[in-house]
Amino acid sequence: MTNPLSSFAHRTARWCALHPWRAILGWVAFVAFAVGLATMIPTQETTDADYRLGESGRADAMVSSAGLEEPDTEHVVISSKSGRLDTQQAEQAAFAVVTAMKKLDGVDEVAEPQVSPDGSAYLVSIQLARDQDDVSSLEKVTASVQSDFPQLDVRESGDISLDDAINDRVADDLSSAETLSLPVTLILMLLAFGALIAAGIPVLLAATSVAATVGILAPVSHLIHADSTVTSMIVLIGMAVGVDYSLFYLKREREERAKGHSTRDAVEIAAQTSGHSILVSGAAVICAMAGLFVMGDSTFNSLAVGSIIVVAVAVLGSITVLPALLAKLGRWVDRPRVPLLHRVLRRTKRGAISGRVLGPVVKHPVVSLALAMVVVVLLAIPALGMKTHSGNLETLPASIPEVQTMRDLSDAFPTEGTTADLVVKAEPGQRDEVADALADVQAAAEGSSLFRPSGAPVQVSDDGTTSVLTLAMPFDESDDRVDIAIKEVRSELAPAALGLLKVEYAVGGNAAESMDFVDREQSRLPLVIGFVLLLTLLIMGMTFRSAPIALISAGLNLASVAVSFGLMTLVFQHGWFENALDFSSPGFIIDWLPLFVLVVLVGLSMDYHVFVVSRIREHVQRGLPTRLAVRQGVADTAGVVTSAAAVMVSVFSIFATLSMMEMKMMGVALSGAILLDATLIRLVMLPAILCLLGDRAWWPTRRPRPLGRRVVEDEPAYELAGR
């Protein structure tokens, strides 16, 4: 019985091998057309409205419809460089700031200087015009005042300058990662192949897949808006799967040529084996990424679309242009050879290193599995205490001057710190009743230890229908008591004062948005896990026609995810290796990362998992007993899996060295988990389980059916084993 996926990969590769120039030029045209889309169609990025969620989202919508959104504001903080603040000098500096700022274009209003409650700082707030997004002129004024008062510390931060500084740092980090990742990947490919052309092909396919995806995303973004992080996601996933797929295919083609097959036959055999694995793996990665849609969040929707497109493009390239290139290049793919390295690789026996690990595993599967499970459980246990929270000032690098300025401002001026907004919408005639009710809420809140006086007046819309009360809290935004305070306003203070009035009200603000997001994520995370694992079960079950293989795949994926969550918790929540990784623990994990890591890890680990299990099945089909097939199959693929994992671990490790906490968390979690997944889980746990199950691993069929019509191969050893 012919396997449809294998047959499709085989037919496609055969056509591309017979018509290599058509396939190559077709791929070039496709990539050029896709890149051209990005120049012709502007990318539609997400807006603030896309991120509205729950009660905080309703509060934000009410504020927006009433025209009460706070305009962009810049803040100038004046403090002493050392010792007690000279108030006379500070007043003069503040007056100079106010005078100069009022003369600038794009400035709507400059507030009178405020003095912090402890008298340690002065604050000048500058309200910008609605269309103003350039603060360079304001920064020049701040720098001028600083030079006039050298004994003071005059600093600026605000909505625009802080965002610009963060965006610049993110761009620098990503540029650094991309600059390092390409040469690192190329070096690893050289170590894997020992030849420059063979090493360059995977990098070229991955790079063109990424470029095409970025172009395709432009028109797609008008259906699902593109989040600012999606391009980074495309580069990350595209480089990983693009290199992996090419590596699997190219290694198998070279292996078959080494057995004496012609280039065309080798390409076809690679298509029917590795090509089949690529199609299955691509489907598994796409299904894993589709789990992000379950969250119903604009960021996750955007990441899902970007990753699905780049995986689909990489798969397309792997079964079309890659066979064409290999057919056209022939044995030239092994040129030019790297001196000494190519000779060393030829003399190295395939599976020699992995055989030393596999020997004890195959001989003592129970002990090996038990020891591996102990390690996995110990690393996973910390995940039970994982705490998540949205990224805030605490998770931003203090090396960014604007970040440190905003931290100092929040400490000195409570109303600029953690707050919650109670938004009330009523009929204009109820204005006095609403004002009295909000006064009651404010009095009750300030009488509680969870709040402190904010000093901010109630904002009322021009038509008198919408009112906003700002409540300040004496805690950092990541403090557990912030959530308690918000829940108290929602469940007790607001209903007690407003419950009898026929009004609409909601509690919002940044802290409330973070809480609502975490609540949504925690409630839907089990659904995402279930969705991803169910699709994994179905794909693996249908591909290998084996219930045990499907269950094993899902179980090992869960183990990998648990380890990654445990590593994140140990390192970033409990502060392990703070000095080595150059960060200060915020005491929590940034809220979107666990889900992101889950789907990426499941998707990427399925790459080599499918490849390994497919190779084991090949040996079983040829007549080897399952235990021997496991040892031979894992040994055959160990080099490829090691190379693929090395690329991913190296690239993700680069992210762990970046300054932005999100990048650092993602890099540590993925690099550590993939390293363990490719070694302990796939090299010890997987073969140990399959050895214990024996032929039962292929239940309900006793032996897997052949993949379909095969190109004739001479392998007497297998034939004898089958007899």
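Buried denotes under 20% relative accessible area, exposed over 50%, and partly exposed the range in between (1.4 Å probe, protein chains only). The views below show a predicted model, in which local features need pLDDT of at least 70, side-chain atom pairs count only at pLDDT 80 or more, and totals for chains, interfaces and linings use all residues. Residues are numbered from 1 along each chain as its sequence is written, and side-chain values use heavy atoms, with hydrogens and water left out.

**View 1. Salt bridge between Lys387 and Asp480.** A salt bridge is defined as a side-chain nitrogen of Lys or Arg within 4 Å of a carboxyl oxygen of Asp or Glu. Between Lys387 and Asp480, the closest N and O atoms are 2.9 Å apart. Lys387 belongs to the loop between helix 14 (365-380) and strand 6 (388-389), and Asp480 to helix 17 (residues 480-498), so the contact ties together parts 93 residues apart in sequence. Helices (H or I, at least four residues) and strands (E, at least two) are DSSP runs, numbered from the N terminus. Lys387 is partly exposed, at 24% relative accessibility; Asp480 is likewise partly exposed, at 45%.

**View 2. Salt bridge between Glu268 and Arg14.** The two side chains meet with an N to O distance of 2.9 Å. This pair links distant parts of the chain, with Glu268 in helix 9 (residues 263-290) and Arg14 in helix 1 (residues 4-18), 254 residues apart. Glu268 is buried, at 2% relative accessibility, whereas Arg14 is partly exposed, at 33%.

**View 3. Salt bridge between Arg257 and Asp334.** The closest N and O atoms of Arg257 and Asp334 lie 3.3 Å apart. Arg257 is located in helix 8 (residues 230-258) and Asp334 in the loop between helix 11 (321-329) and helix 12 (341-347), a separation of 77 residues. Both Arg257 and Asp334 are buried.

**View 4. Salt-bridge network.** The linked residues are Arg252, Glu255, Glu256, Lys259, Arg615, Glu618, Arg622 and Asp636. By the salt-bridge rule, the count comes to 19.

**View 5. Nonpolar surface patch.** Val374, Val377, Leu378, Ile381 and Leu384 together present about 520 Å² of accessible area. Patches are made of residues with over 30% relative accessible area and no salt bridge, like charges being joined within 9 Å and nonpolar side chains (Val, Leu, Ile, Met, Phe, Trp, Tyr) within 5 Å. Accessible areas come from the Shrake-Rupley method with a 1.4 Å probe; for residues, only the protein chains shown count as cover. Leu378 lies in helix 14 and is exposed, with a relative accessible area of 57%.
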